[in-house]
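Hello,

Here is the structure I promised to pass on to you. Please have a look at it first, and then read on for what turned up.

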Amino acid sequence: MRRTLLTAAAVLALSAATSLAAEWKIPLTVKDYDGANRPLSDVSNGVPLLPGQASETSELRLLDDKGNVVPAQFRVLARWLRKDNSIRWVLVDFQAATGEFSRKTYYLTNGGDPKVDSPLKVTQTDDAITVDTGPARFVIGRKRFNLIQSAWLDANGDGQFTDDELIVSPSDNNGSVVEDTYGLKYNSTEGTEEVKVEESGPVRVCVLARGLHKAAGGKGYSRGMDRFEVRMHFFANSAMVKFDPVIENNEAASNGAPTFEDYSLLTKVNIGPAVNSNPDYADHGPVSLYRVYGVAPIDGELKVGDSMTVYQDSNGSETWKINPGIEQHGKEQVKLSTFRGYRITKHTGAGEQELSSGDHAWGVVNLSGEKFGVVIVPRYFREKFPKAVTVSQDGSVRIGILPREYSQVHWIAEGGGAGMETWLYFYARDYKGKGITYARDTGGRSPWWNLYRNRPWPHVVADSVDPPLHALCTPEHYAACGALADVGPYRPIHSEDDFPEKLTLRRYFMTDYLKGNAYGWQSWGCRWEEFAGHSPWNYEAIATNDFAWRFINAQTRGWRDLAYPRLRHFSEVRCYRVGDNPRWNHPSFDALLQQSIDEEWGRFKHLSDDEVTKYSQGRYSRAEWPLPNPEHMSLDGALYCYLFYGDQRAYEGLKYPAALGGGFCAYKPANPSRSWGWGFRCFLLYVDLTGDKDTQMYMDKALDNFWNMARAQRKLAGAWPYNNNWMYGITSRAIVLSYDVSGDERMRDLAIGMAKHYPKVDPKSMYTARNDPLVTAFSWDQTGRKEFYDAERAKQYDGDFGDNQWVYFAGCASYLWLKDRPDTAPPAAVKDLAAASGAGGEVTLTWTAPGGDGDKGAASVYQVKYDDATLAEDSDGESVSFWAAQNCTGEPAPAKVGSKETFTVKGLKAGTHYFALKSRDATNNESEISNVAKVEVK
């Protein structure tokens with residue numbers, strides 16, 4: 001794989017891009033990577049903006065390549081909290097049509113969001129939410145949630161919804177349903193807590209339902225059989241509904257982890273009159289028709305009482321017995337999957353009939369009657385085994401997320417979850433409404449071909465939604481915004497080659513249980529080698545978790561296909577969420593751990609009593625996916641999932657890893673290590689995104705911790721003489737980010753001190769990029785001092801990195817080294833600093849204002865420092881390094897050259913104090929240290 005960074009000339013152009021004009025346009029390219037013809041598909045993903053481009057979504061609009069306004073909706077995902085509070089990330093929703101491997105460009109621009117006609121309407125009462133999409137109407141119950149309570153399809157196109165167009169009828173048997181090991185069912189209808197409109201616009205509506213699976217009449221497990229969280233997305237001009245369900249065990253206090261036989265979504269479609277005329281067969285009486293996709297499609301009929309199931313039991317390869325999708329502990333290895341791949345089975349009164357079997361089922365199913373039908377499109381059906389879809393002659397639909405067909409019981413670890421995105425496409429034969437056309441099945445593909453006419457092809461429906469389309473900015477725009485990066489703008493990175501997807505997926509089937517055990521509902525998206533983050537299967541926040549960042553830069557199919565399941569793993573599976581317990585302001589790290597489930601130190605108290613024992617029958621030893629320790633902590637997966645896909649569940653989970661990283665740094669002694677580097681970076685990314693005021697105590701304690709540790713080295717030329725380049729680089733990166741986020745001048749000083757000590761690296765070494773010289777580049781950017789401009793290293797970062805996986809680091813550092821610096825002249829040094837002691841611990845400093853460029857103009861910033869030993873640029877063992885001296889606050893703004901400056905420092909302790917200062921100009925060129933003024937404070 002070959003990657004190159006843009007030349008320095010391109011960086012100059014990138015810098016110029018940040019100069020904003022009154023009107024602006026951001027090109028968004030929608031590309032079909034998969035060879036699918038999509039007549040009209042939903043596009044929904046985050047777009048970053050430069051500071052100042054827009055303050056509110058009402059200022060935005062979307063244009064096509066001819067300048068026509070495209071109906072779109074916008075949701076603010078993040079703001080530039082450290083700048084002008086303008087929009088930093090915005091979720092953009094619109095509908096696009098693409099041909100096979102085609103691309104189309106749209107433009108996000110300012111000028112206001114014009115009112116556009118849309119059939120998408122939402123009304124709500126205390127009892128229900130009604131969503132009209134144009135061709136369809138959906139009603140969602142708010143008191144007894146059962147997925148879709150009622151639905152109509154305007155089959156005749158008259159704009160009315162009549163009784164004969166009802167396609168879903170109310171039933172308490174429908175919904176999110178768990179069946180325990182004793183055969184008792186726990187329904188979402190019994191434990192509905194909240195049903196609300198989460199998003200609403202002219203393109204898409206999202207309805208969120210939350211609650212606890214409960215059995216009727218208070219029967220069964222008294223604490224309920226885990227929680228449900230279901231998001232339903234409805235689209236303008238469409239009868240398609242996207243379901244995003246998660247079963248989760250995330251109560252604030254332990255509810256145990258009860259076992260169950262089945263977790264499914266259930267609904268029933270009024271498919272209309274049964275089919276009872278087949279031109280090629282003798283009349284069987286009334287039947288429903290199905291088409292199911294294992295590898296190839298199979299057509300068939302269902303008589304009264306019949307059903308059909310497609311079920312994926314294992315990874316579908318020679319390794320299915322030893323790669324069951326989970327990792328077992330202990331000596332007893334329980335048999336989990338029972339056969340290789342999938343089976344399609346028909347269930348009749350006479351028994352079961354196997355219709356087909358194979359390795360990897362697509363899982364797409366169509367069920368239809370004479371009038372209505374539904375296409376079921378599950379995402380990652382085979383990858384996230386075990387999975388099942390069952391349809392019945394009477395229109396019943398079951399989406400088995402953790403299905404009963406599996407040989408063992410299921411359970412959700414405390415803090416964890418499981419889910420599967422699924423689309424349901426409702427249709428009517430001979431539909432006469434506007435805006436919908438079906439791909440025609442006009443050939444003799446099955447004995448029922450004539451009856452399939454004027455119905456959609458299920459595979460065409462599936463291809464239109466999975467995988468979804470993306471609207472991508474240019475790599476240059478992403479880079480200028482610092483999109484999905486931690487420390488601001490970076491140099492645009494282009495990839496000449498794609499991610500080696502075929503190679504990697506092949507390794508996922510190998511016998512090595514770490515790399516091979518990569519399929520299954522628990523592990524799809526993150527391999528087991530990344531479970532614990534300890535040698536020899538290490539885990540890092542960057543390089544092993546920055547695939548979305550690589551996708552927006554490379555913009556290739558391979559990086560897209562690798563990124564999305566990885567991001568969903570952080571939203572769906574990992575033990576990130578434990579109720580709504582407070583995460584901040586704990587008096588100790590141990591107190592925080594009482595509410596945490598992490599792989600080393602978690603102290604979350606697990607419930608254990610007779611009822612838990614009764615309802616935990618069948619559990620076997622199984623590894624879970626807890627939070628990693630701070631040494632391997634990452635917020636990136638959940639953060640990217642939120643910023644790029646607008647995943648609100650991922651957003652709600654961000655504070656849990658952030659709190660663990662922040663709490664660790666607030667209470668543990670600071671040192672240059674991965675625990676401090678990754679843990680603090682995780683915390684800071686959360687603060688930077690949310691501006692959460694409740695984090696302030698952890699922030700203050702952590703910054704003091706860092707500074708106090710650094711102060712212990714104040715009589716050394718550099719901070720923390722620690723020769724592990726990797727640990728030093730990670731920690732220094734967190735220090736740079738902490739200055740960006742907090743504005744604490746001590747962190748700027750500490751970064752400079754760390755750069756002075758930064759271990760020297762052979763610029764030709766393969767580890768150059770990995771060792772992350774960001775702190776050196778940052779210090780060059782902040783001071784303009786030549787000692788931080790490593791010409792050889794900067795030259796290396798202006799070139800080709802080959803297949804180095806740490807190119808994320810290179811982009812950030814080289815941007816700071818190579819960006820335009822039009823002014824290179826520092827202010828002159830102050831030569832006449834004087835100090836006079838006053839009463840009550842006061843010292844008055846006076847000096848003559850230096851110039852901004854040498855002895856001309858005016859500087860921009862003064863930095864005044866003091867200590868109990870004399871100050872020097874770099875310590876000689878007796879003096880204090882300027883970077884490590886104590887900072888004063890409230891320095892005056894520099895006056896023009898030659899002016900007399902006065903500054904009073906208050907609250908000093910009695911004793912001898914030494915003062916010195918530096919000044920900086922508007923481009924951060926820093927003066928030499930001033931003369932040192934000594935004063936006795938009484």
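Leaving aside its neighbours within four places in sequence, which residues is Ser 307 in contact with? They are Leu 302, Thr 345, Lys 346, His 347, Thr 390, Val 391 and Ser 392, where contact means heavy atoms within 4.5 Å.

Before going further, a word on the basis. This is a predicted model, in which local features need pLDDT of at least 70 and side-chain atom pairs count only at pLDDT 80 or more, while totals for chains, interfaces and linings use all residues. Residues are numbered from 1 along each chain as its sequence is written, and side-chain values use heavy atoms, with hydrogens and water left out.

Back to Ser 307. This residue is in strand 22, residues 307–312 (helices, H or I of at least four residues, and strands, E of at least two, are DSSP runs numbered from the N terminus). Ser 307 counts as buried because its relative accessibility is 13%; buried means under 20% relative accessible area, exposed over 50%, and partly exposed in between, with a 1.4 Å probe and protein chains only. Gly 395 is 88 residues from Ser 307 in sequence, and their C-alpha atoms are 9.5 Å apart.

Now the overall picture. The protein has 20 helices and 42 strands, and 62% of its 938 residues are buried. Of the contacts between residues at least 6 apart in sequence, 72% join residues at least 24 apart.

The largest nonpolar core contains 155 residues. Such a core is a set of buried Ala, Val, Leu, Ile, Met, Phe, Trp, Tyr and Cys residues joined through side-chain atoms within 4.5 Å. Phe 94, Leu 108, Phe 680 and Leu 750 have the most contacts inside this core. A second, separate core has 66 residues, including Ala 136, Phe 138, Met 232 and Ile 247. Beyond its neighbours within four places in sequence, Leu 108 contacts several residues, among them Trp 24, Leu 49, Phe 74 and Val 92.

Not counting residues up to four places away in sequence, Ala 702 touches Cys 665, Ala 666, Trp 676 and Phe 680. Ala 702 is buried, with a relative accessible area of 0%. Its C-alpha atom is 5.1 Å from that of Cys 665, 37 residues away along the chain.

Two helix pairs may interest you as well. Helix 16 (residues 725–742) and helix 17 (residues 745–757) pack at about 155 degrees, with axes 8 Å apart; axes are lines fitted to C-alpha atoms, for helices over the stretch in contact, and angles run from 0 to 180 degrees between N-to-C directions. These two helices are therefore roughly antiparallel (over 145 degrees; under 35 is roughly parallel, 65 to 115 roughly perpendicular, and the rest oblique). Residues making the contact include Tyr 728 and Ile 735 of helix 16, and Leu 750 and Met 754 of helix 17.

Helix 11 (residues 636–645) and helix 14 (residues 674–690) pack at about 20 degrees, with axes 11 Å apart, so they are roughly parallel. Here Asp 636, Leu 639, Tyr 642 and Leu 643 of helix 11 meet Arg 681, Leu 685 and Leu 689 of helix 14.

Best wishes
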